[in-house]
Amino acid sequence: MRAIQITELSGPDGALSEVELPDPTLEAGALMTPGEGVLIDVEAIGVSFPEVLQTRGEYQVKPELPFVPGSEVAGTVAQASSGFEPGQRVMAFCMLGGFAEKAVAPVHFTFPLSDELDFAQGASVILNYHTAWFSLVTRGKLEAGETVLVHGAAGGVGTASIQVAKGVGARTIAVVSSDEKEKVAREAGADEVVRSDGDWKDAVLELGGADLVLDPVGGDRFTDSLRSLNRAGRVVVVGFTGGSIPEVKVNRLLLKNTSVVGAGWGEWALSNPGYVAETGAALAELIDGGFVRPIVGARFSMDQAAEALKLIDGRGATGKVVLETA
Ligand SMILES: NC(=O)c1ccc[n+]([C@@H]2O[C@H](COP(=O)([O-])OP(=O)(O)OC[C@H]3O[C@@H](n4cnc5c(N)ncnc54)[C@H](OP(=O)(O)O)[C@@H]3O)[C@@H](O)[C@H]2O)c1
């Protein structure tokens, strides 16, 4: 099979090589119990920030070189130890090995792909939407009728979080940095949009404030996130695309009974198959209800993987970036 490996840690431009490799088997894979799992003929591969970091050796998962990156795929089942039939359309989280024509994933991390979604959308669901559900509902205790402020709202986690929040019955305010990203946030379903280069905190307060801030960006906007919250508000920390890790003056947390909550989906999900199944079922309902429709901002062929990573690295990505094998 054709695959893309990371062969050196020199960043998106030089790190990737296209190679021929033997097909994977159910005997081995990043998250596999030998003999149990699903072998997938891959049609589409989700590309995300962690793969950019992996080309520099800066992500917490640091496999030995060379390795095939790629945490999620969509395609058809070639072989399954249980639960799935050959030919069935699926989406799956494999953690590594996704940048390839075939990939293996555990049964509990493989889900039927709804006919409502194409393969590229299927490759956009697991990482971002499971993270959004975990961050908003499990960690952030979001309830219907509340208002959610989403930073990086045109990005992968951002667009997913807008749609999951809407599915839960919340109102959403998106924070974005450009006109193009504003369009994407609105396409995702944002009720209101404010600009990160303007006085977004006051704009949010004028809109009635937020009950929950979902923050995949970090950096210097953190204090204004706290200030934009209503009483008993929550800031859910998801990531740091802005580059720097904010610090909180904890006296601020007393002013309006504020919680700052961490959401590390991988840490939770990788050790908890039952939770993964519950989230998959909740998201299947949101797909059926028309709330979850991943926005694929860019599609590349597999041999353009470096271009895909550079788009994310340069802050140019919107929605999900996807590689296609065909
Ligand atoms: N905690 C978890 O479980 C978990 C799970 C999945 C992902 N993540 C993390 O969540 C973060 C977001 O992932 P994503 O896939 O949504 O990324 P993405 O699609 O690239 O979106 C990130 C957004 O961050 C904003 N941003 C602000 N400053 C930036 C900068 N200097 N460089 C790049 N982007 C910048 C951009 O929006 P504007 O230009 O509009 O500001 C961009 O749309 C990543 O750090 C990822 O590792 C965490």
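The legends below accompany close-up views of a predicted model.

**View 1. The shell of residues around the ligand.**
Around the ligand lie 30 residues, of which Gly152, Gly155, Gly156, Gly239 and Trp265 come nearest. Two or more residues of this shell are given by each of α1 (49-54), α3 (126-139), α4 (156-168) and α9 (265-269), and the largest share, 3 residues, comes from α4. By class, the shell around the ligand consists of 14 nonpolar, 14 polar and 2 charged residues. Both domain 1 (2-125 + 294-324) and domain 2 (128-267) contribute to this shell, with at least three residues drawn from each.

**View 2. The two domains and the contact between them.**
The domain assignment of the protein chain gives domain 1, made up of 2-125 + 294-324, and domain 2, which covers 128-267. Taken over C-alpha atoms, the centres of domain 1 and domain 2 are separated by 27 Å. The contact takes 10 residues from domain 1 and 12 residues from domain 2. On the side of domain 1 that touches domain 2, the residues divide into 4 nonpolar, 5 polar and 1 charged.

**View 3. The crossing of α3 and α4.**
The axes of α3 and α4 come within 8 Å and cross at roughly 55°, and the two helices are therefore oblique to each other. Their crossing is right-handed. From α3, the residues Asn128, Tyr129, Thr131, Ala132, Trp133, Ser135, Leu136 and Val137 take part in the contact, and they meet Gly156, Val157, Ala160, Ser161, Val164, Ala165 and Val168 in α4. Sorted by class, this contact of α3 with α4 has 10 nonpolar and 5 polar residues, and no charged residues. Gly156, which belongs to the α4 side of this contact, is also among the residues that come nearest to the ligand.

**View 4. The crossing of α4 and α5.**
Helix α5 spans residues 179-188, and its axis comes within 9 Å of that of α4, with a crossing angle of roughly 30°. The two helices are therefore roughly parallel to each other, and α4 passes α5 in a right-handed crossing. Thr159, Ile162 and Gln163 of α4 make the contact with Val184, Ala185 and Ala188 of α5. By class, the residues in the contact of α4 with α5 are 4 nonpolar and 2 polar, with no charged residues.

**View 5. The crossing of α3 and α10.**
The axes of α3 and helix α10 (residues 273-288) come within 10 Å and cross at roughly 100°, an angle that makes α3 roughly perpendicular to α10. The α3 side of the contact is made by Tyr129, His130, Trp133 and Phe134, while Thr279, Ala282 and Leu283 form the α10 side. By class, the contact of α3 with α10 has 5 nonpolar and 2 polar residues, and no charged residues. Tyr129 and Trp133 of α3, which take part in this contact with α10, also belong to the α3 residues that meet α4.

**View 6. Backbone details at Pro66 and Ala232.**
The peptide bond that leads from Leu65 to Pro66 is cis, and its omega is near -15°. Pro66 itself has its place in the loop between α1 and β4 (72-80). A separate backbone feature is found at Ala232, which has a positive phi of about 60° although Ala232 is not a glycine. Ala232 is found in strand β12, which spans residues 229-237.

How values were computed:
Residues are numbered from 1 along each chain as its sequence is written. This is a predicted model: local features need pLDDT of at least 70, side-chain atom pairs count only at pLDDT 80 or more; totals for chains, interfaces and linings use all residues. A residue is near a molecule or strand if its C-beta atom, placed from the backbone, lies within 6 Å of it. Helices (H or I, at least four residues) and strands (E, at least two) are DSSP runs, numbered from the N terminus. Ala, Val, Leu, Ile, Met, Phe, Trp, Tyr, Cys and Pro count as nonpolar, Asp, Glu, Lys and Arg as charged, and the others, Gly among them, as polar. Domain bounds come from an automatic or database domain assignment. Two residues are in contact if their C-beta atoms, placed from the backbone, lie within 7 Å. Axes are lines fitted to C-alpha atoms, for helices over the stretch in contact, and angles run from 0 to 180 degrees between N-to-C directions. Angles under 35 degrees count as roughly parallel, over 145 as roughly antiparallel, 65 to 115 as roughly perpendicular and the rest as oblique. A crossing is left-handed if the near helix is turned anticlockwise from the far one by less than a right angle, and right-handed if clockwise.
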